[in-house]
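Here's a quick briefing to keep beside the viewer while you click around. Have a look at the structure first, then read on.

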Amino acid sequence: MLKQLRNRLKLQRRAACFQIMSGFVIALAAGFLFAHPLIAQDDTIADDAVNAIAKDLYCPVCENIPLDVCPTQACIDWREDIREQLAAGITRQQIIDSFVARYGERVIGTPQDPFLRALALVTPWIVGLIALGTAAMTFRRWRGASRPPVAQPGLPLTHTDEDYRQRLENDLRERR
Amino acid sequence: MADVKLPFEETLIPPARRGLSLGSIVLLVGVALVAVIFGLALLRQNQTQPTSGPAPDFTLITYEGEEIKLSDLRGRIVVLNFWASWCGPCRVEAPALQNVWQRYQDQDVMMLGVAYTDTDSKAQAFIDEFGITYPNAPDTGTRISDWYNIQGVPETFIIDQEGNIARFYITQVNENILSTEIERLLRGEF
Amino acid sequence: MLAEVGITALLLAFGAALYAIGAALYGGRRHSDNWVHSARNAALLTFPLLLVSAGALVLALITEQYQISYVWSVSNPTTPVFYRITALWGSQAGSLLFWSLLLSLFVVLAVWLNWRSHRRLMPYVIAYTMATLAFFLGLSIFLENPFTRYWITPDLPATARAIPAYLFIPEGATAPSYSEMANSARGLNPLLRHFGMIIHPPMLYLGFVGFVIPFAFAMAALASGDLSTNWIKATRRWTLVAWLFLSLGLILGGRWAYDVLGWGGYWGWDPVENAAFLPWLVGTAFLHSVMIQEKRGMLKVWNMFLVIGTFSAVIFGTFATRSGLIESVHSFARSQIGFPMFAFWSLLTLISVGLILWRWNRGELKDEHQFVNLLSRETLFVLNNVIFVALFVVIFWGSFGAPIVSDLFLGTNITLSTDYYMQVTPPLFAALFVLMGIAPLSAWGATSLARLGRALLIPLLLTLALMVLLFVTGTTQPVALLAYGLVSLAGFVALYEIYRGAEARTRSLHERWPQAVLALFGRNRRRYGGYVVHLGVTIIGIGVIGSTLFQQETQQRIALGETLTIGDYQLRYDDFEEGYAADGRYIQRAYTTVLRNGQPLTQIQPRIDIYLSAEQGGENQTMTIAGAHSTLENDFYVLLVGWEAVTHQTATFRVYINPLVNLVWWGGLVLILGTLIAAWPAEVLPARVREESRQRQQAEATA
């Protein structure tokens, strides 16, 4: 019963605030019921310039959806903010930095903070190197296990079709 | 027992190995560790807004540039409201919050608004639109929202004179709800 | 009535699964055929029982029994019948039941088909599969029961805002009025009303649950001590089938995202997408490395780890997406099944790893062949495994590792998204394609550089020719040329190997070409099916490179009658229309014309659909439906972003040109074809029928 009630409450809240569960299920706040009105915008800054920066940003309201395609009102506001900053002549990196400073590291696809960046980018390679090392050790074991069988002499490097077919057939037979 | 030495100790042939080798144990512990981390993450994810106990401390810099630290407000009741300009219910409750603030600002009551993922210009426009006079601040780094585990906006916490959370509202609030609670705390009922 | 039928069948299935575990373990220990038989029968019974249970739910959905909470939450009176049926997997509770049904289907087939050939493993196979099934059924019964119904109890206050749901009818309860329930019903999430969403979840689930079979056989081998290649022989085809469905599920998921989510792409490196991709990576590694064990008796421990890793990744992915561990477009709403699922996943992983290590430390998983040359197919396959595992680690770390570690221990929330993956995965994918090009040409045991070089010569020349052609036709970016080269080399090698085999047959056996190719495939479906899969992956790779490196996009506001330009295309804004559709949707649609170099190509209508909420003040759901003009060369993909209210004098469009994106889907089809060839049973007809037809043919020939 409580759960039911809570779900209802949540729904209502979500209705007008934001939707985390499904990105494109946007909540339309009162007044925006049927139209996506175009915001009076500074036409000197093209949408493409805004999107080029928004592409790399993530608004906490839309989990994992890049800012340039997220349709919530919060994201529309953020894009307007980018537009205003661009109009004020602020550079791309400064804009990104300002977003990170205001909303935290989560707004960018790879952390800006050097330590977090290193943690994010280097860790997988360390694990990968360990995997490669283990594989290399396996090879060594294989090689060291026994002497190679006497190399088959006269194995022609150039081969006829018949020879190839024979080997193929052998291969196939062995597989069954 | 311990000092009995077996004379043939060194000649013992180890039996078929029992137990696990060091590498295996390390691997097993590693897997267990990963599981523990995900267990902690799940616990963290399932944390809900605190409804009692000490309110997480934070420092705000308001849109007016004033610095406010929650723990400095000890002895006063704090109404902490999370909002955003793009949120419908926040618009509905804004006048109520302002009215409550006007009614109680001369008593031991503080009201703080924290703007969640809002841009400065939009937040300022919101404040102007509703004539809000209590201190409002951006949630720099979206950290305060994290500490209070908020799941959306609006959410409102009432913190008592001792710095403990007295009430939490997950829905929009109205004057009635807030003033009842403030009156109760002002009377010293906890 | 239907709720009672459904819940009874569900409970019986749960009981049967539990009984099967007990009987199988007891029978296995006591070597008692009767008990094992009894366990088998109980396991076989779960499928019809679950069919009844899921059938009851589907029937309840079709007959609009809104008193049942699940029906209320995923459909409403305007939902078409077709989507009522697919609503079975539209939300958590129903999809869990559906998942159990598919799991039980796989188990029943595997137990039934492998009964005679793998008797020794069977008790444990039954125990492991039934334990998994029992766990999921337990979730369905105790936590996410789709059959709970709304009841009004006498003590329900009149002011209550919602009616509570109960599994059993409370005392003195009355059913709420039908019309009230029907009017407040929520309806299916509009995102799920898409062709890709109808078949994508079942495919993905089939892929996920399918891996329970190789897992259970591997665990049975560990538990019973029969560590020969028996378990591998028994599960090879099952693994391929599961892999096929998983691949299909991933491709369809991409297609769905491309059509419905409206961000111009098919893969967003979203944690939920990655969660489904992770088992695919480990599973693919397993498919390759298992050949080494079959051929050479090596890598026994490693294969065990891979097969367990695959299933563990499946359960992890299910846990991560269904528990609210991560939030994403694709994930289910947060729910209370998180902790049970976490417990199941960690227990399963720890026990499995423990079992392998125990057998290994007892020296029972020793490799047979020992010597291999550094340049051999074994080595290349091991390298392939290293890269698959590295990809797994990189993606796992990005989706779950780093964000969680940073949040828990550093107190900072971070997002690792496309930006991160584009930095770390391309070299690994490139290495995979290189191996895909070389490994098929190498020999087991040892291969000489000279021979490898000779075999590689023709594919390499073809690749170079293609690169020159690309360069001449305007693809001058070195990265793109290199990427295309690496990927197409793998494809040329696959084609060349097929050609070489057929060529040898035509020469020495004087077969005609089609006959030779068919005979070749017939001789070894697995090998040549594998080459076809490689070819499919190559085609997908080319599509991915084209649509990633050469995607063009623009967003512009234009007035009626005006055009915007992107590349050598133009888009003209012709008209606008809005209004209610018959099913209650509010549709806003722009009419546009696509032109190329001034010549009209086609008309497309990007639109935005609003699904109005039934509840007063409830959420309206909005879907952005792209308009697309698809050719093999590219997709011209248009989204309606905004417009001037009322007058519609101007509108804003977002336009993407996605080159070669359709190769991703076509490559998917080739991949499916190849997997089917590889997995197709050699003998379709039972032995008795084959013998009879052979005799008849002989008789005809002598007559």
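Which residue follows H1(C), and is its phi positive or negative? That residue is C:His31, and its phi is positive, near 50°. Keep in mind that you're looking at a predicted model, one that scores ipTM 0.84 and pTM 0.88.

- Chain C has a mean pLDDT of 87, with 95% of its residues at 70 or more.
- Chain B averages 86, and 89% of the residues there score at least 70.
- The stretch to watch in chain B is residues 1-15, where pLDDT stays under 50 and the model has 0 contacts beyond four places in sequence.

- Helix H1 of chain C covers residues 2-30, which makes 29 residues.

**Nonpolar cores**
- The largest nonpolar core holds 282 residues, and the members touching the most others are A:Cys59 and C:Ala20.
- Helix H10 of chain C (residues 230-261) supplies the largest share of this core, at 20 residues.
- As background, nonpolar side chains tend to be buried together in soluble globular proteins.

**Where chains B and C meet**
- Chain C puts 18 residues into this contact and chain B puts in 20.
- On the chain C side, the elements giving two or more residues are helix H13 (338-361) and helix H14 (377-409).
- H13(C) gives the most to that side, with 10 residues.
- Sorted by class, the chain C side has 8 nonpolar, 8 polar and 2 charged residues.

**A hairpin in chain B**
- Strands E6 (residues 155-159) and E7 (residues 165-169) of chain B run antiparallel and are joined by 4 bridges.
- Across this pairing, B:Ile159 stands opposite B:Ile165 of E7(B).
- E6(B) and E7(B) form a hairpin with 5 residues between them, and B:Gly163 in the turn has a positive phi of about 85°.

Terms used: Residues are numbered from 1 along each chain as its sequence is written. Chains are lettered from A and ligands numbered from 1 in the order in which they are written. This is a predicted model: local features need pLDDT of at least 70, side-chain atom pairs count only at pLDDT 80 or more; totals for chains, interfaces and linings use all residues. A nonpolar core is a set of buried Ala, Val, Leu, Ile, Met, Phe, Trp, Tyr and Cys residues joined through C-beta atoms within 7 Å. A residue is buried if 20 or more other C-beta atoms lie within 10 Å of its own, exposed if 12 or fewer, and partly exposed in between; C-beta atoms are placed from the backbone. pLDDT is the predictor's confidence in each residue, from 0 to 100. Two residues are in contact if their C-beta atoms, placed from the backbone, lie within 7 Å. Ala, Val, Leu, Ile, Met, Phe, Trp, Tyr, Cys and Pro count as nonpolar, Asp, Glu, Lys and Arg as charged, and the others, Gly among them, as polar. Two strands pair if DSSP finds at least two bridges between them. The expected span of a helix is 1.5 Å times one less than its number of residues.
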